Amino acid sequence: MADITKFGPWRHLRAVPTRYILQTRRGAPARQGSGLAFWFHPLTVALAEVPVEDHEITTMFHARTSDFQDVTVQAAVTFRFVDPAVAAGRIDFSIDPNTGAWREQPIEQVYGLLNQLAQQHALGLLAGLPLEAALAQGVGAVRAAVTEGFAADGRLAEMGIAVVETRVVAIRPEPELERALQTPTREQVQQAADRATYERRALAVEHERTIAEEELRSQIELAAQEEQLVARRGANERLRATEDAAAERIRVEAEAAAERIGGAAEAERIRAVGAAKAEVDAAAIAAYAGVDPQVLLALAARDLADGLPQIGTLNLGTDVLTGALSRLAGTAAT
């Protein structure tokens, strides 16, 4: 909307660069262009403002396919006014000289026209397609049909309108029908997912079985090695016991031999000592063979006295002394 400022009976208009202003004075064009700014008298001029920027409208409508199924089409159309003067001559873009607002609603009129044209071309195309083809190929086909229809429509050029771009966002069936159509694909996807899950589980089971077999094989090898180790330890123990027994036997035999040798030597010594003693005794006996028994008795008493404890004082009575002297005297007389 143009900015209009009041200064008494005069008005000043200032437009933005994206708005095309047309000023008519007394039925003849006075000035026109984008982004104008000028003074004018509201009683002598007529003003029109045409937007020259791109406009986009979105449309949504229902269509029926060749197999009598309802679908919803969502599209967007971008257009612009390429000839503002022509557009102002076909559509009421006049503005109030006091406020700068449009007197009518020209943009809404253009929106309605383009919406009807887009629906017309889309409905004509979808009416000849079955539902599956409309859903699978309809987006591109409808876009092409609407674009060609706009290009071939002479009314748009006569109104100074050019369609810049046409986009078809989606073509969708009714919700229940859409769910029904999605079911086979969902089932296939679910089956593929289940199959992948089963394969993954089978692979996991196979891996677990392989791991269990490897663990069992390792345990068997460890048991065999442990058996060999036990057998080797037993053999070592038996060999150690055999060696210890042999060593003990050798030691005992050596000790027995030493004792036998020692015993034989001791016996030989004892025999030698006994023989020597026997020889001494025999010599002594032979020496005492012609000696008087009294002398032998005296010698025996001497030897006996040598073996008795030492006597410090000996008291002899009169009877003992008299008898001893009598025996000694008798022995001397004899």
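**Entry 1: a loop residue**

Where is the place of Phe 68? I looked it up in this predicted model and found Phe 68 in the loop between strand 7 and strand 8. I then checked its backbone: phi of Phe 68 is near 60 degrees, a positive value in a residue other than glycine. I made a note to myself that most residues other than glycine have a negative phi. Is Phe 68 buried or exposed? Phe 68 has a relative accessible area of 63%, so I wrote it down as exposed, since the cut-off is over 50%.

**Entry 2: the whole chain**

Next I stepped back to see the protein as a whole. I counted off seven helices and nine strands. Of the 334 residues in the protein, 21% are buried. I also looked at contacts with a separation of 6 or more: residues 24 or more positions apart account for 65% of them.

**Entry 3: the cores**

Which residues have the most contacts inside the largest nonpolar core? My list reads Phe 81, Phe 93, Leu 126 and Phe 150, in a core of 35 residues. Several elements each supply at least two residues of this core, among them strand 3 (19–25), strand 8 (70–81), helix 3 (131–152) and strand 9 (161–173). The largest share, eight residues, comes from helix 2. I also found a second, separate core of ten residues, which includes Ile 4, Leu 13, Phe 38 and Ile 95.

Leaving aside neighbours within four places in sequence, Leu 126 is in contact with residues including Ala 63, Val 71, Val 73, Val 142 and Ile 171.

**Entry 4: two helices meet**

How do I describe a pair of packed helices? Two packed helices are described by the angle between their axes and the distance between the axes. For helix 2 and helix 3, the axes come within 9 Å and cross at roughly 135 degrees. That makes helix 2 oblique to helix 3. I noted the crossing of helix 2 and helix 3 as right-handed.

Which residues meet there? From helix 2, I listed Leu 114, Leu 117, Ala 118, His 121, Ala 122, Leu 125 and Leu 126. From helix 3, I listed Ala 134, Ala 141, Val 142, Ala 145, Val 146, Gly 149 and Phe 150. Sorted by type, the residues of this contact divide into twelve nonpolar, two polar and no charged.

I went to His 55, which lies in strand 7. At 10% relative accessibility, His 55 counts as buried. Not counting residues up to four places away in sequence, His 55 touches Val 77, Thr 78, Phe 79, Ile 107 and Tyr 111.

Then I turned to Glu 49 in strand 6. Its relative accessibility is 2%, so Glu 49 counts as buried. Glu 49 and Phe 93 are 44 residues apart in sequence and 5.6 Å apart in space, C-alpha to C-alpha. Not counting residues up to four places away in sequence, Glu 49 touches several residues, including Met 1, Arg 19, Tyr 20, Phe 93 and Trp 102.

**Entry 5: a glycine to finish**

In which helix is Gly 89? I found Gly 89 in helix 1 (residues 84–90). Gly 89 is exposed, with a relative accessible area of 64%. The C-alpha atoms of Gly 89 and Gly 160 are separated by 9.4 Å, although these residues are 71 residues apart along the chain.

Technical notes
Residues are numbered from 1 along each chain as its sequence is written. This is a predicted model: local features need pLDDT of at least 70, side-chain atom pairs count only at pLDDT 80 or more; totals for chains, interfaces and linings use all residues. Side-chain values use heavy atoms; hydrogens and water are left out. A nonpolar core is a set of buried Ala, Val, Leu, Ile, Met, Phe, Trp, Tyr and Cys residues joined through side-chain atoms within 4.5 Å. Buried means under 20% relative accessible area, exposed over 50%, partly exposed in between (1.4 Å probe, protein chains only). Helices (H or I, at least four residues) and strands (E, at least two) are DSSP runs, numbered from the N terminus. Contact means heavy atoms within 4.5 Å. Axes are lines fitted to C-alpha atoms, for helices over the stretch in contact, and angles run from 0 to 180 degrees between N-to-C directions. Angles under 35 degrees count as roughly parallel, over 145 as roughly antiparallel, 65 to 115 as roughly perpendicular and the rest as oblique. A crossing is left-handed if the near helix is turned anticlockwise from the far one by less than a right angle, and right-handed if clockwise. Ala, Val, Leu, Ile, Met, Phe, Trp, Tyr, Cys and Pro count as nonpolar, Asp, Glu, Lys and Arg as charged, and the others, Gly among them, as polar.
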